[in-house]
Amino acid sequence: MEKVFYFYLIMKSHFKLLLVFVCLAFAKNLKSQTPTWAEHIAPILYGNCTSCHHLGGLAPNPLMTYGEAFNNRYLMKAYVESGYMPPWPPDPGYKHLAHERVISAADKNKISQWVLDGAPEGNSANAPAQPVYTSGNSALSTIDFSAKMQNYVVNTATDLYRCFIINTNFSTDQFASEIEVKPGNPAIVHHVLLYEDTTNLIRLKDSADAGVGYTSFFGTGSNDSKLVGEWVPGTQHIKFPAGMGARLRKNTRLVLQIHYPKGTYLKLDSTRVNIKFATNTSSPFFREVFMLPAISESNLVNGPLVIPPNMVKTFTANSLAATNLPLPFPYFTLLSVAPHMHLIGKSMKVFAIDNSPTKDTIPLINIPNWDFKWQGVYNFRNPIKVAIGSTLVAHSAYDNTVNNLNNPSNPPVTVHQGEATTDEMMLVFFAFTAYLPGDENIVVDNSPIVSINDLQQDIVNSPQLYNVFPNPAKTSAQLNYFSPKTLNQVKASITAANGKVVKEWSATLQQGYGTIQLNLEGLARGQYFISLQTPSFTTTKPFIVYE
């Protein structure tokens with residue numbers, strides 16, 4: 001019995017010792033999971049925040065160093081958790097767009113946990129290199145035209161929208177393939193809209209306004225002005241796909257409309273424009289890019305645009321797509337979208353309704369919480385093919401109540417359509433060009449998608465097939481699709497032009513965007529059709545095989 005008791009005491013002490021080791025290992029593991037600035041937080045800030053939050057940048061509170069991040073840790077946590085930062089008005093759950101400034105849920109959790117755990121620095125040697133922000137460097141590989149506006153000293157107690165003219169002296173029409181706007185003073189330049197204009201009206205406006213440039217709230221004040229570019233903090237420079245360009249007319253003038261924030265006193269700005277010209281513009285395959293307000297107040301189905309005081313009012317505008325443009329094909333290619341409202345704007349959703357028998361909806365952009373201070377031109381990750389004669393639709397809402405903190409009038413007054421700060425507008429600009437087969441396969445941005453759902457489930461009625469790529473194809477190709485939900489047991493088949501089924505198999509369409517690989521081995525030269533079929537739908541795309 002004594003031996004048994006002695007054995008019991010030994011085992012009990014060993015168990016306690018083992019328990020201590022387990023607890024120490026668990027505590028060490030917990031500590032290793034604590035985010036640190038060097039390993040976890042700095043990469044998030046450098047990738048999403050510091051393009052504005054650096055010394056001399058537009059935003060206050062620099063976040064370049066550990067000390068700066070530590071001092072602003074509580075603000076960071078609050079702004080990131082609320083979605084206030086980084087500023088990205090479009091809803092990525094409705095439509096993913098190029099170069100989204102969206103922080104993933106995992107990264108948000110890292111920031112929150114880092115703050116809750118005391119915001120440790122970690123090993124500073126493991127931190128990534130600090131990004132370099134300078135107004136002198138250009139993202140363009142080649143600069144064919146570069147000019148800056150005259151020096152202007154900003155001195156304003158209110159928001160200022162000032163236009164500045166730059167002469168080009170082009171002897172012939174040019175096409176811009178890349179456009180870069182470089183703020184002379186990023187700390188005071190909120191955003192820039194770039195127009196081109198050949199009339200004397202803007203010169204008259206400039207002469208009538210004392211000092212450099214002239215004040216104009218919306219646009220340039222000239223109906224001839226064409227929007228060709230823009231800049232807002234954090235955006236990439238404009239780069240059209242190969243074989244495309246925005247026309248800059250002979251002897252045209254560039255007009256920079258710059259928004260300077262209120263409370264800017266005695267600050268100097270001299271913003272620059274860099275342009276790279278397109279090549280091979282005489283090629284029959286070269287295409288001009290147009291940027292036009294295809295949806296405006298003239299398209300309202302429940303107008304006029306009048307919002308009485310103390311009301312939230314919604315409007316709908318419908319416009320037939322590109323029916324009045326001399327495009328050589330029955331389709332056009334959408335490159336970007338740019339909604340525009342003023343201060344009592346509440347939300348705007350924009351989509352297209354295809355003119356096919358299925359009348360499927362093509363989501364374009366949804367801004368659920370409109371912020372006049374953050375609006376820009378949003379590029380699509382891949383260009384979008386739209387049939388001419390399809391309907392472009394915008395739903396917008398306006399909040400003319402005291403609950404709208406941006407309401408310029410207190411108490412609220414009736415707001416009408418107009419260009420003044422206290423008026424309202426409903427415009428949607430689109431950048432588009434004539435369609436060529438394969439446009440929808442052009443990759444504008446292939447960075448990882450942060451959000452999960454590409455589209456709301458009630459937007460698309462049936463799966464959407466995009467063109468076979470490449471086309472013509474030889475031994476293999478791919479078929480891109482979008483499906484509103486996961487579909488199993490889809491019947492896929494390839495049919496020859498004579499109606500004979502030459503290949504058939506079962507496929508699964510995953511929810512969201514996906515790709516079906518096509519094995520074309522053994523197929524003779526000629527026209528074929530790829531079809532996907534379920535009990536509720538059949539959809540088909542043509543393609544050509546060459547030997």
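# Briefing on a predicted model

His-99 is partly exposed, with a relative accessible area of 31%; partly exposed covers the range between buried (under 20% relative accessible area) and exposed (over 50%), using a 1.4 Å probe and protein chains only. This is a predicted model, in which local features need pLDDT of at least 70 and side-chain atom pairs count only at pLDDT 80 or more, while totals for chains, interfaces and linings use all residues. Residues are numbered from 1 along each chain as its sequence is written, and side-chain values use heavy atoms, with hydrogens and water left out.

**Overall make-up**

- The protein contains six helices and 29 strands; these are DSSP runs numbered from the N terminus, with helices (H or I) of at least four residues and strands (E) of at least two.
- Of the 547 residues in the protein, 48% are buried.
- Among contacts (heavy atoms within 4.5 Å) with a separation of 6 or more, 78% involve residues 24 or more positions apart.
- The protein has an accessible surface of about 27000 Å², and carbon and sulfur atoms hold 54% of that surface; the areas come from the Shrake-Rupley method with a 1.4 Å probe, and for residues only the protein chains shown count as cover.

- Strands of a sheet pair through backbone hydrogen bonds, either parallel or antiparallel.
- Seven bridges link strand 5 and strand 10 (residues 253-260) in the antiparallel sense, and Leu-194 stands opposite Leu-256 in strand 10.

- Another open sheet consists of four strands in the order 15-20-17-18, and its pairing is antiparallel.
- From one strand to the next, the twist averages 15°.
- Strand 15 runs antiparallel to strand 20 (residues 391-400), joined by 10 bridges, and Asn-318 stands opposite Val-393 in strand 20.

**Backbone features in loops**

- Most residues other than glycine have a negative phi, and most peptide bonds are trans.
- His-99 has a positive phi, near 55°, and lies in the loop between helix 4 and helix 5.
- Pro-86 lies in the loop between helix 4 (73-82) and helix 5 (105-116), and the peptide bond from Met-85 to Pro-86 is cis, with omega near -10°.
- The peptide bond from Gly-303 to Pro-304 is also cis, with omega near 5°; Pro-304 is in the loop between strand 13 (287-295) and strand 14 (306-307).
- Asn-169 has a positive phi near 60°, sits in the loop between strand 3 (160-167) and strand 4 (174-182), and counts as exposed at 62% relative accessibility.

**Cavity**

- The structure holds one cavity of 30 Å³ or more; on a 1 Å grid over the protein atoms alone, a cavity is a set of points where a 1.4 Å probe fits but cannot get out.
- The largest cavity has about 210 Å³ of space, where volume is the space filled by probe spheres set on the points, and grid points are joined across faces, edges and corners.
- The largest cavity is lined by 17 residues, of which His-191, Leu-193, Phe-218, His-340 and Gln-375 are the closest to its centre; lining residues have an atom within 4 Å of a point.
- Strand 5 (191-197) and strand 16 (331-340) are the elements that give two or more residues to this lining.

Definitions and conventions
Pairing = 2+ DSSP bridges. Axes fitted to C-alpha atoms, helices over the stretch in contact; angles between N-to-C directions. 1 Å grid on protein atoms, 1.4 Å probe; cavity = no way out; pocket = protein on both sides within 12 Å on 5 of 7 lines; lining within 4 Å.
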